[in-house]
Amino acid sequence: ESSDVEETVRRILKSHPNVKAILRYWGIEGEYRRPRIEVLWGATPDSIVYCEYGVEFELDPASLMFCLGNKFERIRTAAMVRSWEVVVDMFAGVGQFSIPIAYHARPKKIHAIEINPDAYGFLVKNIERNRVSEIVVPHLGDCREVAKQIGQVADRVIMGYLHNTVSFLPYALDTLSSAGGIIHLHSLAVRGREGELAAKAISTAERLGYKARLLGQRVIKSYSPSKLHVAIELFAIKQ
């Protein structure tokens, strides 16, 4: 395997001679979704800047997750948002969803919540870097606690987290305005059983006294041999 790695590094350096480092990602772990990495070549920089659909993201690649496989979903979500909306982003990271929404859709306000202090620091930087500070309000803390502080203001909630996301749905519902709103819920699903996610989300909402309707469901990408990254959209309103 070491010879294969060396050959891969050689090929990358030949086609991209200006790279500063080559990292291998082994997945993410823990509440803060920190990546497990291996430095194959060079010295890991303190931060990098990644550009996507006109938006710039600064982040530390060695300690923070940023999934390129969600690129189209981020711009697709931004295209759905209207200028009058208030958006709550419950797992904001470095601004993966919040900043493209602010930059392209220019909604009334976005509450961007992040529990990881390192990611939150880059979220604040990226808000300034992309000049959307008049739209995006960053919140450092657990989204379950911050949701209570924000109150019932949301027309749309983004739940860009993959692990047992439905368990956070009650807190997302608590942020919806009295007119109801749309929830974008991302989660892992077992291959061939993708429909169970929507059914579980709808039953959870109904149990809490909400009327819920499925608006859409998509497979974003393959996550592992047995699991898929799935996103659903629900409209929910308090009965």
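Residues are termed buried when their relative accessible area is under 20%. By this criterion phenylalanine 91 and tyrosine 161 are both buried. The model shown in these views is predicted.

**Figure 1. Aromatic cluster of Phe91, Tyr161 and Phe168.** Ring pairs join Phe91, Tyr161 and Phe168 into a cluster. The count of aromatic pairs in the model comes to three. For phenylalanine 91 and tyrosine 161, the ring centres are 4.7 Å apart and the planes meet at 15°, so this pair is classed as stacked. Phenylalanine 91 belongs to the loop between strand E5 (86-89) and helix H3 (98-105), and tyrosine 161 to the loop between strand E8 (156-159) and helix H6 (169-174); the pair therefore ties together parts that are 70 residues apart in sequence. Tyrosine 161 also pairs with phenylalanine 168, with centres 5.8 Å apart and planes at 85°, so the arrangement is edge-to-face. Tyrosine 161 has a relative accessible area of 14% and is buried because this value is under 20%. Phenylalanine 168, at 12%, is likewise buried.

Figure 2. Tyrosine 53 is located in the loop between strand E3 (48-52) and E4. Its phi is near 50°, a positive value in a residue other than glycine. With a relative accessibility of 38%, tyrosine 53 counts as partly exposed. The charged end of lysine 71 sits over the ring of tyrosine 53, at 5.4 Å from the ring centre.

**Figure 3. Proline 61 in the loop between E4 and H2.** The loop that contains proline 61 runs between strand E4 (55-59) and helix H2 (71-80). Proline 61 has a relative accessible area of 7% and is buried. A distance of 6.6 Å separates its C-alpha atom from that of serine 47, a residue 14 positions away along the chain.

Figure 4. The relative accessible area of arginine 131 is 68%, and the residue is exposed.

**Figure 5. Lining of the second largest pocket.** The volume of the second largest pocket is about 210 Å³. Strand E9 (181-190) and helix H7 (195-207) each contribute at least two lining residues. E9 provides the largest share, four residues. Among the residues of the lining are Asn164, Ser187, Arg193, Glu196 and Lys200. By class, the lining comprises five nonpolar, three polar and three charged residues.

Notes
Residues are numbered from 1 along each chain as its sequence is written. This is a predicted model: local features need pLDDT of at least 70, side-chain atom pairs count only at pLDDT 80 or more; totals for chains, interfaces and linings use all residues. Side-chain values use heavy atoms; hydrogens and water are left out. On a 1 Å grid over the protein atoms alone, a cavity is a set of points where a 1.4 Å probe fits but cannot get out, and a pocket is an open set with protein on both sides within 12 Å along at least five of seven lines; lining residues have an atom within 4 Å of a point. Grid points are joined across faces, edges and corners, and a volume is the space filled by probe spheres set on the points. Ala, Val, Leu, Ile, Met, Phe, Trp, Tyr, Cys and Pro count as nonpolar, Asp, Glu, Lys and Arg as charged, and the others, Gly among them, as polar. Buried means under 20% relative accessible area, exposed over 50%, partly exposed in between (1.4 Å probe, protein chains only). Rings of Phe, Tyr and Trp (its six-membered ring) pair if their centres lie within 6.5 Å; planes under 30 degrees apart count as stacked, over 60 as edge-to-face and the rest as tilted. A charge sits over a ring if NZ of Lys or CZ of Arg is within 6 Å of the ring centre and within 35 degrees of the ring normal.
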